[in-house]
Amino acid sequence: MSVTLQRLDSASFANYREGLIALLLDAVGHGASLGFLADLDERGAAEYFAQVQAGVADGSMLPWVAQEQGRVLGSVQLSLCQKPNGLNRAEIQKLLVLSTARRHGIARLLMQAVELEAVSRKRGLLYLDTEAGSDAEHLYRHLGYQCIGGLPDYACGPDGTYRANAIYYKTLARPSP
């Protein structure tokens, strides 16, 4: 696989919209707990990505895509805290890899890109949540993220069954006073 990464900006976002929609529909269709139910359709996914694009425009959201020959294989988002007392932190959201492209290191590449960007923006504390017991937990632990617990029945998956989450963080750098 010859995968390339690109951080999307307002100008490039539209070029990847359809691929991002297909990626989200694939993930939800394969049972990923991402805040959507099984009835998610293209319209609902497009509405979600319109919100992401608004975050890109206002500077609060930084999305990446992993692609091969123009086909979106994965994505991740870095949500930058905008509160004056939280400018040292950012949340990793929606790490997705197309079901047919998993186990090729794409998620790891996306996470490395997120971490490099976070450091360059002086965001030394990254955090995320994922479904407890999911394959993603192995990846996050392998990348040095620490699990600090979770909540039972936190959110329902696409099938409507409530599931526990697991909350992870990683300190990249301490904030300067």
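Helices (H or I, at least four residues) and strands (E, at least two) are DSSP runs, numbered from the N terminus. The model is predicted, local features need pLDDT of at least 70, side-chain atom pairs count only at pLDDT 80 or more, and totals for chains, interfaces and linings use all residues. Residues are numbered from 1 along each chain as its sequence is written, and side-chain values use heavy atoms, with hydrogens and water left out.

**Exercise 1.** Determine where Gln69 lies and whether Gln69 is buried or exposed.

*Solution.* Step 1: the loop between strand 2 (61-68) and strand 3 (71-80) holds Gln69. Step 2: buried means under 20% relative accessible area, exposed over 50%, and partly exposed in between (1.4 Å probe, protein chains only). Step 3: Gln69 has 82% relative accessibility and therefore counts as exposed.

**Exercise 2.** State the phi of Gln69 and of Lys122, and locate Lys122.

*Solution.* Step 1: most residues other than glycine have a negative phi. Step 2: Gln69, although not a glycine, has a positive phi of about 50 degrees. Step 3: for Lys122, also not a glycine, phi is positive at about 60 degrees. Step 4: Lys122 sits in the loop between helix 3 (106-120) and strand 5 (125-131). Step 5: Lys122 has a relative accessible area of 68%, so this residue is exposed.

**Exercise 3.** Describe the surroundings of Arg163.

*Solution.* Step 1: Arg163 belongs to strand 8 (residues 162-163). Step 2: its relative accessible area is 17%, so Arg163 is buried. Step 3: with contact meaning heavy atoms within 4.5 Å, and not counting residues up to four places away in sequence, Arg163 touches residues including Gly31, Glu131 and Asp153. Step 4: a polar atom of the Arg163 side chain lies 3.0 Å from the backbone oxygen of Gly31.

Methods. Polar contact = N/O pair within 3.5 Å; in protein donor to acceptor, adjacent residues only side chain to side chain.
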